[in-house]
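Thanks for making time this morning.

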Amino acid sequence: MTGRRSDAERNYRRILTVAEAEIAELGAAASIERVARTAGLGSATVRRHFPTRQALLEAVFAERAQALQARAAELTGESDSRAALLSWLRDFTDYAVSARGFADVLAYEPPAGADGDDGDTEAAPASCGTTLEAALAPLLARAQREGAARPEASCHDLVTAVAGIALATEHHRDPAAQAARLLELFVAGLSPRG
């Protein structure tokens with residue numbers, strides 16, 4: 001029994017590792033079948049852990065969203081609220097550029113508690129967007145209190161802007177450099193110096 005659990009955990013970790021690499025290369029279009037082949041597993045094994053491609057994508061992104069959440073918590077104690085906020089936005093942008101499917105998922109997610117035209121389009125409580133907005137909230141609120149960020153900016157605005165930057169630069173010759181440039185232009189409006 002213990003051996004099976006150990007094998008299942010190894011397979012789960014292997015699938016996530018391979019899926020993250022596939023998504024970085026192919027974006028949200030990465031297929032379960034290709035992930036299974038690359039991981040050296042059968043499609044049925046992958047589908048036992050992740051019944052749909054969306055479930056697989058969410059699992060890959062959830063791990064990284066949690067890492068970005070931990071990074072935000074580290075930065076919360078920094079003395080310079082502007083530097084802390086911008087450092088986190090740069091980390092988030094770097095990841096969103098390297099894992100293309102991540103930005104695709106975030107670009108279509110409504111802010112937590114938002115009502116859409118169809119009545120109720122709230123983001124799932126454990127979704128990547130919700131996790132990122134919750135992580136970002138203390139950094140943004142502190143920067144706003146200290147006059148280091150525009151008071152009307154919301155966490156959803158910032159997550160959406162980074163997702164848009166990642167999507168806009170996806171096919172650029174040097175996506176990371178172009179995304180960094182666009183983020184700096186965005187930051188100039190969000191948090192001008194002086």
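By a salt bridge I mean a side-chain nitrogen of Lys or Arg within 4 Å of a carboxyl oxygen of Asp or Glu. This is a predicted model, in which local features need pLDDT of at least 70 and side-chain atom pairs count only at pLDDT 80 or more, while totals for chains, interfaces and linings use all residues. Residues are numbered from 1 along each chain as its sequence is written, and side-chain values use heavy atoms, with hydrogens and water left out.

Under that rule there are 10 salt bridges. One of them pairs Glu 184 with Arg 90, with 3.0 Å between the closest N and O atoms. Glu 184 sits in helix α9 (residues 175–190) and Arg 90 in helix α5, 94 residues apart, so the pair links distant parts of the chain; helices here are DSSP runs of H or I, at least four residues, numbered from the N terminus. Glu 184 is partly exposed at 35% relative accessibility, where partly exposed lies between buried, under 20% relative accessible area, and exposed, over 50%, using a 1.4 Å probe and protein chains only.

Helix α5 (residues 81–98) also holds Asp 91, which forms a salt bridge with Arg 71 at 2.7 Å between the closest N and O atoms.

Turning to another pair, Arg 47 and Glu 33 meet at 2.6 Å, N to O; because Arg 47 lies in helix α3 and Glu 33 in helix α2, this pair ties together parts that are 14 residues apart in sequence.

Technical notes. Helix = DSSP H or I, 4+ residues; strand = E, 2+ residues; numbered from the N terminus.
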